[in-house]
Amino acid sequence: GAMLKCAEEIYQEESFAMELTPYEVYGSDIYTGIEERILIHGIIDCFFIYKGKVILYDYKTDYVPSGNENTLIDKYRIQLELYKKAVERSLGRNVDEVYIYSFFLDKALKVF
């Protein structure tokens with residue numbers, strides 16, 4: 001919260017649409033060479049610029065058993081990688097940090 005409060009720029013509920021190959025979406029070698037495109041669209045909860053860094057947040061309300069924070073990260077990793085690509089395309093620069101904010105746990109979990 002402190003970083004967001006002091007952010008230089010804040011973007012909330014930003015919609016996006018982009019086309020990617022199956023390999024770009026899933027990263028699996030079984031999709032290498034397939035040129036068909038998949039239309040990806042969604043709404044990014046929040047990203048902001050703080051001290052020159054681009055930071056992406058996604059809010060989740062899922063129940064998470066104590067000590068199982070990694071299950072939440074694993075469940076949403078592909079979604080957040082796609083959001084990261086969308087922000088990078090939009091801003092023309094790299095996303096430095098990605099977090100899930102778990103309302104159930106009342107804490108931020110660093111994804112990458």
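Trainee: Hi! Among contacts between residues at least 6 apart in sequence, what share joins residues at least 24 apart?
Mentor: In this predicted model, 63% of those contacts join residues at least 24 apart.

Trainee: Okay, and what is the chain built from, in terms of helices and strands?
Mentor: There are three helices and five strands. Going along the sequence, they follow the pattern α-β-α-β-β-α-β-β.

Trainee: What does the C-alpha trace span along its principal axes?
Mentor: About 45 × 35 × 20 Å. The chain has 112 residues, and 38% of them are buried.

Trainee: Let's go inside, then. How many residues are in the largest nonpolar core?
Mentor: That core has 24 residues, and Ile44 and Leu56 have the most contacts inside it. Strands E1 (9-20), E2 (38-50), E3 (53-60) and E4 (97-102) each give two or more residues to this core, and so does helix H3 (69-91).

Trainee: Which element gives the largest share of this core?
Mentor: H3 does, with eight residues. As general background, nonpolar side chains in soluble globular proteins tend to be buried together.

Trainee: You mentioned Leu56. Which residues does Leu56 touch, leaving out those up to four places away in sequence?
Mentor: Its partners include Ile44, Cys46 and Phe47, along with Leu80, Tyr83 and Val87. Glu97, Val98 and Tyr99 are also among them.

Trainee: What lies apart from that core?
Mentor: Another core, made of eight residues, including Phe48, Ile55, Tyr57 and Tyr101.

Trainee: Switching to charges: how many salt bridges does the structure hold?
Mentor: Seven. In one of them, Glu97 pairs with Lys53, with the closest N and O atoms 3.4 Å apart. This pair links distant parts of the chain, since Glu97 is in strand E4 and Lys53 is in strand E3, 44 residues apart.

Trainee: Is Glu97 buried or exposed?
Mentor: Glu97 counts as buried because its relative accessibility is 12%, under the 20% cut-off. Lys53, at 39%, counts as partly exposed.

Trainee: Which residue forms a salt bridge with Asp62?
Mentor: Lys75 does, and the closest N and O atoms are 2.9 Å apart. Lys75 lies in helix H3 and Asp62 in the loop between E3 and H3, so the pair ties together parts 13 residues apart in sequence. Lys75 counts as exposed at 56% relative accessibility, whereas Asp62 counts as buried at 17%.

Trainee: And what about Asp58 and Lys60, buried or exposed?
Mentor: Both are buried. They form a salt bridge too, with the closest N and O atoms 2.7 Å apart.

Key. Residues numbered from 1 in each chain as written. Predicted model: local features only at pLDDT ≥ 70, side-chain atom pairs only at ≥ 80, totals over all residues. Heavy atoms only, no water. Helix = DSSP H or I, 4+ residues; strand = E, 2+ residues; numbered from the N terminus. Buried < 20%, exposed > 50% of the residue type's maximum accessible area, 1.4 Å probe, protein only. Contact = heavy atoms within 4.5 Å. Core = buried A, V, L, I, M, F, W, Y, C linked by side-chain atoms within 4.5 Å. Salt bridge = Lys/Arg side-chain N within 4 Å of Asp/Glu carboxyl O.
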